[in-house]
Amino acid sequence: MAETRRIGSDPMTDPAHSFDSARPGLVKLAYRMLGSVADAEDVVQTAFLRWQAVDPASVQSPPAYLRRIVTRLCLDVHRTTARRREVYLGEWLPDPVITDPSEDITLMLMLALERLSPLERAAFLLHDVFGLPFDEVSGIIDRTPAAARQLAARARQNVQQDNARFSVDATRGQQIAAAFFAASRTGDMAALRTLLAEDISLHADGGGQRPTALQPVLGRDAVVQAHAGFADHFRDNGSTLIALTHINGLPGCISRESDGQLQTTALDIENGLIRAIYVTRNPDKLRHLKASDAMPMRH
């Protein structure tokens, strides 16, 4: 997003200064509401334009006011994205974002949030993740505090299982990611098999623009068989590891594939074994990444 601060303005009265200080949290909220970096950036930019038309002196708490604007814009965007999802080709995954290993919301939880109604998602994120009291949440989503509490409780119950965190040392996680990349690209299926849980699942998002399985691949044998089918292609055409990193809180990697496009792979690891693989190939979801990305994006 373009720099919003005006040179020479008083930071105590300049609305752009207030917005700049709140922006990282607003982007994080919008991304988690929508699962799309581009949509989140658009929402935050729209919020800034609306904020410019407001007299800051009339706003008691600019951060709370801006959270209200962003959340309501996200609820509006949800209506459009819901229609897009209905015709989306293959599996849909949230845009991959490079994060710190301690990220409090993982890719699996983002997927679980997709099953919630927009209001449930907003109440859960605002209260359980961002720590806002229900009195403030109720004002943001235009519901009573009791209703906001009920929405968050229902959401919490629905995502509780997906919110379970399996502690993986960051270094060990990247070692497993490196071993997975090496085994899958060299065709060493014996080594690959030792890395996978028996009930592993493979999920891939190509958005209809790049080849992927349209349905999840389930079970260790099926996942190994799928990678055995890819092995000849990788040997003949190449696949370059760009960075080992963390993607939406999970160990993973960024690679450049034979078509010249980037790809991200995130691994859900439990007890030293990979229990789920999430591959994003849709180029629309990778535009915000740089080939050199290896550090967390500070959203």
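Trainee: Where is Asn 248 found in this predicted model?

Mentor: Asn 248 is found in the loop between β3 (239-247) and β4. Its phi is near 50°, a positive value in a residue other than glycine.

Trainee: Why is Asn 248 called buried?

Mentor: The relative accessible area of Asn 248 is 3%. Buried means under 20%, so Asn 248 counts as buried.

Trainee: What makes Asn 271 count as exposed?

Mentor: Asn 271 has 74% relative accessibility. Exposed means over 50%, and therefore Asn 271 counts as exposed. Asn 271 also has a positive phi, near 55°, and is found in the loop between β5 and β6.

Trainee: How do you know that β4 and β5 pair?

Mentor: Strand β4 (residues 250-257) is joined to β5 by 5 bridges. Pairing requires at least two bridges, so β4 and β5 qualify as a pair. The two strands run antiparallel. One of the bridges is seen at Ile 254, whose partner in β5 is Thr 264. The hairpin of β4 and β5 has 4 residues between the strands, and Gly 260 takes a positive phi near 85° in this hairpin.

Trainee: How do you know that β5 also pairs with β6?

Mentor: Here 7 bridges join β5 to strand β6 (residues 273-280). At least two are needed, so this is a pair as well. β5 and β6 run antiparallel. Thr 264 has Thr 280 as its bridge partner in β6. The hairpin of β5 and β6 has 2 residues between the strands.

Trainee: What is the span of α5, and how does it compare with the expected one?

Mentor: α5 has 12 residues and reaches 15 Å from its first C-alpha to its last. This is close to the 16 Å expected at 1.5 Å a residue. The buried residues of α5 include Leu 119, Ala 122, Ala 123 and Leu 126. Gly 131, whose phi is positive, near 75°, follows α5.

Trainee: Which residues have the most contacts inside the largest nonpolar core?

Mentor: They are Phe 19, Met 33, Val 70, Val 137 and Ile 141, in a core of 48 residues. Among the elements that give two or more residues to this core are α1 (15-34), α3 (62-86) and α5 (118-129). α1 gives the most, with 10 residues.

Trainee: With which residues is Ile 141 in contact, leaving aside its neighbours within four places in sequence?

Mentor: Ile 141 is in contact with Thr 71, Leu 119, Ala 122, Ala 123, Leu 126, Ala 148 and Leu 151. Another core lies apart from the largest one; it has 19 residues, among them Phe 180, Met 189, Leu 196 and Ile 277.

Trainee: How many disulfides does the model have?

Mentor: The count comes to 0 disulfides. The rule calls for a pair of cysteine sulfur atoms within 2.5 Å.

Trainee: Why are Cys 74 and Cys 253 called buried?

Mentor: Cys 74 has a relative accessible area of 0%, and Cys 253 has one of 2%. The limit is under 20%, so Cys 74 is buried and so is Cys 253.

Note on methods
Residues are numbered from 1 along each chain as its sequence is written. This is a predicted model: local features need pLDDT of at least 70, side-chain atom pairs count only at pLDDT 80 or more; totals for chains, interfaces and linings use all residues. Side-chain values use heavy atoms; hydrogens and water are left out. A nonpolar core is a set of buried Ala, Val, Leu, Ile, Met, Phe, Trp, Tyr and Cys residues joined through side-chain atoms within 4.5 Å. Buried means under 20% relative accessible area, exposed over 50%, partly exposed in between (1.4 Å probe, protein chains only). Contact means heavy atoms within 4.5 Å. The expected span of a helix is 1.5 Å times one less than its number of residues.
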